[in-house]
Amino acid sequence: MLRKFFSDSETILWARIQAALGIIALALTYVDPSLVTQFIDPKYVPLFILLNGVATEYLRRHRSKDM
């Protein structure tokens, strides 16, 4: 059942995790911005974006055997 929810794809699972975290961060920002800013240091944002891209690329290539 859980595999069907994610269409048997790790990439879709990763995208939905990112969307859920984004929604949570957005809601916390509206409630109290200091709740989010204490965990997000601007100097680490480029590193997060790089690691996110690497994880997405890995999951995509892991699924597609022709790449």
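Ile24 lies in helix H2. Helices (H or I, at least four residues) and strands (E, at least two) are DSSP runs, numbered from the N terminus. The model is predicted, so local features need pLDDT of at least 70 and side-chain atom pairs count only at pLDDT 80 or more, while totals for chains, interfaces and linings use all residues. Residues are numbered from 1 along each chain as its sequence is written, and side-chain values use heavy atoms, with hydrogens and water left out.

**The chain**
- The chain has four helices and zero strands.
- From the N terminus on, its elements run α-α-α-α.
- The chain exposes about 5900 Å², and carbon and sulfur atoms supply 71% of that area. Accessible areas come from the Shrake-Rupley method with a 1.4 Å probe; for residues, only the protein chains shown count as cover.
- Of the 67 residues in the chain, 9% are buried. Buried means under 20% relative accessible area, exposed means over 50%, and partly exposed is in between (1.4 Å probe, protein chains only).

**The nonpolar patch**
- Ile24 is partly exposed, with a relative accessible area of 48%.
- Ile24 belongs to a nonpolar surface patch with Leu13, Ile17, Leu21, Leu28, Val31 and Leu35. Together these residues have about 580 Å² of accessible area.
- Patches are made of residues with over 30% relative accessible area and no salt bridge; like charges are joined within 9 Å, nonpolar side chains (Val, Leu, Ile, Met, Phe, Trp, Tyr) within 5 Å.
- A salt bridge is a side-chain nitrogen of Lys or Arg within 4 Å of a carboxyl oxygen of Asp or Glu.
- Helix H2 (residues 10-31) gives the most to this patch, with six residues.

**The largest pocket**
- About 410 Å³ of space lies in the largest pocket. A pocket is an open set of points on a 1 Å grid over the protein atoms alone, with protein on both sides within 12 Å along at least five of seven lines; lining residues have an atom within 4 Å of a point.
- Grid points are joined across faces, edges and corners, and the volume is the space filled by probe spheres set on the points.
- The pocket is lined by 17 residues, and Leu21, Gly22, Ala25, Ile40 and Phe48 lie nearest its centre.
- H2, helix H3 (33-37) and helix H4 (45-63) each give two or more residues to the lining.
- The largest share, eight residues, comes from H2.

**Contacts across the chain**
- Trp14 is in helix H2 and is partly exposed, at 27% relative accessible area.
- The C-alpha atoms of Trp14 and Asn52 are separated by 9.5 Å, though 38 residues apart along the chain.
- Arg63 lies in helix H4.
- The C-alpha atoms of Arg63 and Ser9, 54 residues apart along the chain, are separated by 7.2 Å.

Notes: 1 Å grid on protein atoms, 1.4 Å probe; cavity = no way out; pocket = protein on both sides within 12 Å on 5 of 7 lines; lining within 4 Å.
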